[in-house]
Amino acid sequence: MDESAPLPADFLIYDGDCPICQRYVAMTALRRAHPGIELLDARKHPGLVSTLRQEGIEINDTYMLQLGDERLTGAAAMARISFLMKPQTPIEQIIRRLTRSERILKPVYPWLVRVRKALLWLSGRDQIH
């Protein structure tokens with residue numbers, strides 16, 4: 001997607017350098033459930049990252065799911081993705097079961113962010129600028 005192009009109505013923006021984020025996005029098979037959604041690597045969209053920061057969304061601490069006019073981050077985004085999933089494999093069924101409750105995800109999500117940051121640091125990768 002060109003930085004000057006208008007944003008799609010439905011997208012997920014995440015850290016494409018984060019191994020956890022990459023695997024999660026792949027395991028949810030979100031495009032199968034929602035073929036029109038764009039999966040955006042935040043590192044390739046600095047303009048969008050800047051806009052989100054101006055809106056108070058720090059992409060290093062969360063990812064963001066936009067569905068039409070609705071924007072969800074963190075645990076709420078994970079729960080919605082889980083709801084949208086159409087699991088076809090045992091691992092997809094497990095992921096859906098583990099991530100379908102926002103109430104359960106809320107206290108866990110900050111720890112996922114810490115693990116992501118530690119993995120990036122250990123692998124010599126920078127945070128998103």
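Let's start with a pair of charged side chains: in this predicted model, Arg-80 and Glu-70 meet in a salt bridge, with 2.7 Å from N to O. Arg-80 sits in helix H4 and Glu-70 in strand S4, so the pair ties together parts that are ten residues apart in sequence. Why pair up at all? Side chains of opposite charge can do so when their charged atoms come close.

Strand S4 has a hand in another bridge. Arg-71, in S4 (residues 70–73), reaches Glu-55 in the loop between H3 and S3, 16 residues apart, and their N-to-O distance is 2.2 Å. Then there is Arg-43, which meets Asp-17 at 3.4 Å, N to O. That pair links distant parts of the chain, 26 residues apart: Arg-43 is in the loop between strand S2 and helix H3, and Asp-17 in the loop between S1 and H1. Both belong to a network of salt bridges that also takes in Asp-15 and Arg-116. The count for the model comes to eight salt bridges.

Now go back to helix H4 and look at its other residues. Is this helix mostly enclosed or open? Eight of its eleven residues are buried, so H4 is largely enclosed by the rest of the structure. Among those buried residues are Gly-74, Ala-77, Met-78 and Ile-81.

Ile-81 leads us into the largest nonpolar core, a set of 23 residues in which Leu-12, Tyr-63, Leu-65 and Ile-81 have the most contacts. Strands S1 and S3 and helices H1, H4 and H6 each supply at least two of the core's residues, and the largest share, six residues, comes from H4. To see how this works up close, find Leu-12: its contacts beyond its neighbours in sequence include Val-25, Tyr-63, Leu-65 and Ile-81. Another core, of eleven residues, lies apart from this one and includes Leu-48 and Ile-59.

Finally, follow helix H6, residues 102–122. Its 21 residues should span 30 Å at 1.5 Å a residue, and its end C-alpha atoms are 29 Å apart, which agrees. Still, H6 bends by about 45 degrees at Val-108, with Pro-110 following within four residues. Its buried residues are Leu-105, Tyr-109, Val-113, Arg-116 and Leu-120, and what covers them includes helices H1, H4 and H5. After H6 comes Gly-124, whose phi is positive, near 75 degrees.

Key:
Residues are numbered from 1 along each chain as its sequence is written. This is a predicted model: local features need pLDDT of at least 70, side-chain atom pairs count only at pLDDT 80 or more; totals for chains, interfaces and linings use all residues. Side-chain values use heavy atoms; hydrogens and water are left out. The expected span of a helix is 1.5 Å times one less than its number of residues. The bend at a residue is the angle between axes fitted to the seven residues ending there and the seven starting there. Buried means under 20% relative accessible area, exposed over 50%, partly exposed in between (1.4 Å probe, protein chains only). Contact means heavy atoms within 4.5 Å. A nonpolar core is a set of buried Ala, Val, Leu, Ile, Met, Phe, Trp, Tyr and Cys residues joined through side-chain atoms within 4.5 Å. A salt bridge is a side-chain nitrogen of Lys or Arg within 4 Å of a carboxyl oxygen of Asp or Glu. Lists of a residue's contacts leave out its neighbours within four places in sequence.
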